[in-house]
Structures are given as C-alpha cells and as structure tokens.
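Dear colleague,

My notes on it follow directly after.

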Amino acid sequence: DQVLDLCTGTGTLILESNNYTKNIIACEYQNKLFQLLKCNFILRDLDISKLFKGNCFDFEFKVSKSIINPPYGQKGNETSNKIIHGQKRRTRRCFC
C-alpha cells in the first residue's frame, strides 16, 4: 500500500504509518512545519524525495490510502473546508 498524509505538519501521523508500510508520501504547506518534517525524515533515515512542499491542490497523487489530520485551528479557512468536504466525497484525487 502507498499512504499519503495531507497537511502533514511535523509528520507524527505519517511516521506512525511507516511502521506498517514503507511506501509513504507527505505534503505540507507551511515552511516551518515542512522543515521540521524534513528533519524528522532525515533522523529516521527515510526518503525525503517523498516529501512535497506546497499547497497539495497543486499536486496529483495516486495512492491506495490517504490519512489526514487537518489544521482545525484555522476555522473558516477555505482550504480547511475543501479538505473536509473533499474527504467526505471520497474523490480519487486528494485535497489539502
């Protein structure tokens, strides 16, 4: 299985997924969080080429599983609303 974590943050959820599959992909928009995510991957000797920096609407991912822990602290944020509604529709394309 290939697992994608949208809105990855520092990587807690995707790093846990690494215990079950080595085929993981992470996407993070915020610079500081992305740098911490990258450090977490390096410290665990994971492939940093599987990290994507930016708005995940700009990428197309083909994966078998997607996990998400959206930034709930950003209420009223248009991107957060798209994430939640995109997951409810269970589209083939992943949104963040």
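Which exposed residues does the face of α2 turned away from its buried side carry? They are N31, K32 and L43. Please bear in mind throughout that this is a predicted model.

Overall architecture

The protein contains 3 helices and 4 strands. Read from the N terminus, its elements follow the order β-α-β-α-β-β-α. Of the 96 residues in the protein, 36% are buried. The accessible surface amounts to about 6300 Å², and carbon and sulfur atoms account for 50% of it. When contacts between residues at least 6 apart in sequence are considered, 57% of them join residues at least 24 apart.

Helix α2

Helix α2 comprises 13 residues, namely residues 31–43. At 1.5 Å a residue the helix should span 18 Å, and this agrees with the 18 Å that separates its end C-alpha atoms.

The buried residues of α2 are F34, L37, N40 and F41. These residues lie on the same side of α2, because they cover an arc of only 120° around the axis.

As to what covers the buried residues of α2, the elements include α1 (12–17), β2 (24–28) and β3 (51–53). The exposed residues N31, K32 and L43, by contrast, sit on the face turned away from the buried side.

Finally, α2 is followed by D45, which has a positive phi, near 55°.

With kind regards

Methods: Residues are numbered from 1 along each chain as its sequence is written. This is a predicted model: local features need pLDDT of at least 70, side-chain atom pairs count only at pLDDT 80 or more; totals for chains, interfaces and linings use all residues. Side-chain values use heavy atoms; hydrogens and water are left out. Helices (H or I, at least four residues) and strands (E, at least two) are DSSP runs, numbered from the N terminus. The expected span of a helix is 1.5 Å times one less than its number of residues. Buried means under 20% relative accessible area, exposed over 50%, partly exposed in between (1.4 Å probe, protein chains only). The arc is that of the directions from the helix axis to the C-beta atoms. Contact means heavy atoms within 4.5 Å. Accessible areas come from the Shrake-Rupley method with a 1.4 Å probe; for residues, only the protein chains shown count as cover.
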